[in-house]
Amino acid sequence: MADPSRVLLGLGGCVDYELKLTASALAQLIADYGIVAEELTAPAGPVVGERDLVVSILGYVARGAGGEHYVASAPALSAFANRFPHRETLGGTSVRAGILMSRLGVPSTLHLVTVNDTFRRLLPPDTVYVNSGADDTFYPHLIVQYDRGLRIRAGDLDIVAPSPNRLIYVNDPANGDMRLTGDLGARLSHASVFLISGLNAMRDEAELDARLALLREHMRQLPPDAVTYFEDAAYHEPAFSRRVRDALLDEIDVYGLNEDELQAYLGTTVDLLDPDQVAEALTALHALIPVPALVLHTKYWAAALGARDRTAALDTGTVMAATRYCYGDDFTDDDVERLRRMPRRPESVAFAAALRSRLGERVDCVPGFALRAENPTTVGLGDTFVGGFLTVLAQNGQSNPAPLRTEGQTT
């Protein structure tokens, strides 16, 4: 039996309300709230109530972009979710990564800040978790998916989504507080892999600084050869991103992020299939975030900039994220093998070779797949990539993970 204490995934998790947008429901909301096209081009303001939420969603759909925001009104999230068919799932980078790793035969321990009956019902039965919260709490996150080609026509608005994506809207005091368990350091003393995620939900500067100082103290007990992976995200308070990096940078071995976060850091749009632009962007980002390995996962490819070969980890992450995109949560071994036989994007294959020619051996780049899915899953792809990547690290670089575990099977 594998030891779940060897992989510790934190720092929080949640229940998600997952829904897919429909043009008819959005058109009705546009009419009800009197939303006009000019509002979509105005600077993005805070998301206070449901009207702001609809304006925010429409702006993202028009750009085909993804994002994450704090919403001041928890009832607005429930009200919006109840306008669409939705399902309850488990969310948070660490939780989704842990579920994927468990299916690949690598058990882990989850560090949580909130649990409830729904969470316990949906968590794989063999999953080990610790919870810093004293009581059950329930703060569902709204996860909005939309398909490429979604067209919304109402009033003076005529929007067509250029690509599929997902949006996250949150009002979650438990993850905003991000309390740490008192035994975190003792648990880290047995870990070979430690995932840090979720700090982007914090909104109080003094509390954030206190939590970072305490986290560093706990991390002093990590074994010298342990790998610490930090997964970036959209910060509810954008200024806090720098505070977190400054506090943890010297403790991070692998720093992961997606294309939205890359472009936010650099303040410019990057053509993800232009090797010159990407080489320049990766070099600039690595100067800003000088970690041993910088990992960027995108819809076209995944790359690692650093001194060590991460090709196997990049490839497993890419395969698992692509499988989720095509087949959803309940993919099987056969789905994974079917996905592996799919061709890679020709433009991504050419890009990967060109990027290597520009940056040399310090970059590894794995091209993405040429995917066609009638009903793609756009939520949790980055989290799934992280789970695949960490699976290889936990298996000491083995490139072929174990077959998927079936529900209810123990390790």
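"Buried" describes a residue with under 20% relative accessible area, with exposed meaning over 50% and partly exposed in between (1.4 Å probe, protein chains only). This is a predicted model, in which local features need pLDDT of at least 70 and side-chain atom pairs count only at pLDDT 80 or more, while totals for chains, interfaces and linings use all residues. Residues are numbered from 1 along each chain as its sequence is written, and side-chain values use heavy atoms, leaving out hydrogens and water.

**View 1. Here is strand 10, residues 165-170.** Strands (E, at least two residues) and helices (H or I, at least four) are DSSP runs, numbered from the N terminus. N165, L167 and Y169 are buried on one side of strand 10, and R166, I168 and V170 are buried on the other. Six of its six residues are buried, so strand 10 is largely enclosed by the rest of the structure.

**View 2. Now meet the partners of strand 10, strand 3 and strand 7.** Two strands pair if DSSP finds at least two bridges between them. Strand 3 (residues 67-70) runs parallel to strand 10, joined by four bridges, and E68 stands opposite I168. Strand 7 (residues 141-146) runs antiparallel to strand 10, with five bridges; here V144 stands opposite L167.

**View 3. Look at strand 15 (residues 301-306) beside strand 16.** Five bridges join these antiparallel strands, and W301 stands opposite P367 of strand 16.
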